[in-house]
Amino acid sequence: MNRVFKRAFRLSIPDYLVQLRMEEACRFIKEHPFVLIKEIAEHVGYADPFYFSKVFKQYTGYSPSDYKNKAEQPLIRSPAARGCPAR
């Protein structure tokens, strides 16, 4: 099943799930900038906010706190970042 999924979407199922969660986290941060990181993590399915922060930073190039704090400023993404385009 994973092979068929990967052929169709060019991502493994776990990578696709991370992508969905991180895109939702970015959207949620933009719409609710005063929500705690713990609540954002729970909203997208992570029980551990520290692990969520690690995955978020790997995905976007920013910690969730930096992403929230720079909501009014354009963000310059790191070369390693994969998702959540700057606002």
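**Packing and rings**

Mentor: The cover over the buried residues of α4 includes α2, α3 and α5. Keep in mind that this is a predicted model.

Trainee: Which residues of α4 are buried?

Mentor: Phe-52, Val-55, Phe-56, Tyr-59 and Thr-60.

Trainee: Where do they fall, seen down the axis of α4?

Mentor: Within an arc of 115 degrees, so the buried residues of α4 line one face of the helix.

Trainee: And how far does α4 reach from its first C-alpha to its last?

Mentor: α4 reaches 16 Å with its 12 residues, close to the 16 Å expected at 1.5 Å a residue.

Trainee: Let's go to the core. Which residues of the largest nonpolar core touch the most other members?

Mentor: That core has 18 residues, and the ones touching the most other members are Met-22, Ala-25, Ile-40, Tyr-46, Phe-52, Phe-56 and Tyr-67. At least two residues of this core come from each of α2, α3 (37–43) and α4 (49–60).

Trainee: Which helix gives the most to this core?

Mentor: α2 does, with five residues.

Trainee: Tyr-46 was on that list. What does Tyr-46 touch, not counting residues up to four places away in sequence?

Mentor: Val-18, Arg-21, Met-22, Ala-41, Tyr-51, Phe-52 and Val-55. Of these, Arg-21 has its charged end over the ring of Tyr-46, 4.8 Å from the ring centre.

Trainee: Which residues form the aromatic cluster?

Mentor: Tyr-46 is in it, together with Tyr-51, Phe-52, Phe-56 and Tyr-67.

Trainee: How many aromatic pairs does the structure hold?

Mentor: Seven. One of them is Phe-9 with Tyr-16: the ring centres are 5.5 Å apart and the planes are at 35 degrees, so the pair is tilted. Phe-9 counts as partly exposed because its relative accessibility is 46%, and Tyr-16 counts as partly exposed at 27%. Phe-56 and Tyr-67 also form an aromatic pair, an edge-to-face one with 5.5 Å centre to centre and 75 degrees between the planes.

Trainee: Where in the chain are the two members of that pair?

Mentor: Phe-56 is in helix α4 and Tyr-67 is in helix α5 (residues 64–69), 11 residues apart, so the pair links distant parts of the chain.

Trainee: Are Phe-56 and Tyr-67 buried or exposed?

Mentor: Phe-56 has 0% relative accessibility and counts as buried. Tyr-67 counts as buried too, at 1%.

Trainee: New topic, Cys-26. Where is Cys-26?

Mentor: In helix α2, which covers residues 13–31. Cys-26 is buried, with a relative accessibility of 2%, and the cut-off for buried is under 20%.

Trainee: What is Cys-26 in contact with, leaving aside its neighbours within four places in sequence?

Mentor: Phe-56, Thr-60, Tyr-67 and Cys-84. Thr-60 is 34 residues from Cys-26 along the chain, and their C-alpha atoms are separated by 9.0 Å.

Trainee: Last one, Arg-10. What is its phi?

Mentor: Phi of Arg-10 is near 60 degrees, a positive value in a residue other than glycine. Most residues other than glycine have a negative phi.

Trainee: Where is Arg-10 found?

Mentor: In the loop between α1 (2–9) and α2.

Trainee: Is Arg-10 buried or exposed?

Mentor: Arg-10 is exposed, because its relative accessible area is 72% and the cut-off for exposed is over 50%.

Terms used:
Residues numbered from 1 in each chain as written. Predicted model: local features only at pLDDT ≥ 70, side-chain atom pairs only at ≥ 80, totals over all residues. Heavy atoms only, no water. Helix = DSSP H or I, 4+ residues; strand = E, 2+ residues; numbered from the N terminus. Buried < 20%, exposed > 50% of the residue type's maximum accessible area, 1.4 Å probe, protein only. Contact = heavy atoms within 4.5 Å. Core = buried A, V, L, I, M, F, W, Y, C linked by side-chain atoms within 4.5 Å. Phe/Tyr/Trp six-rings, centres within 6.5 Å; stacked < 30°, edge-to-face > 60°. Lys NZ or Arg CZ within 6 Å of the ring centre and 35° of its normal. Expected span 1.5 Å × (residues − 1). Arc of directions from axis to C-beta.
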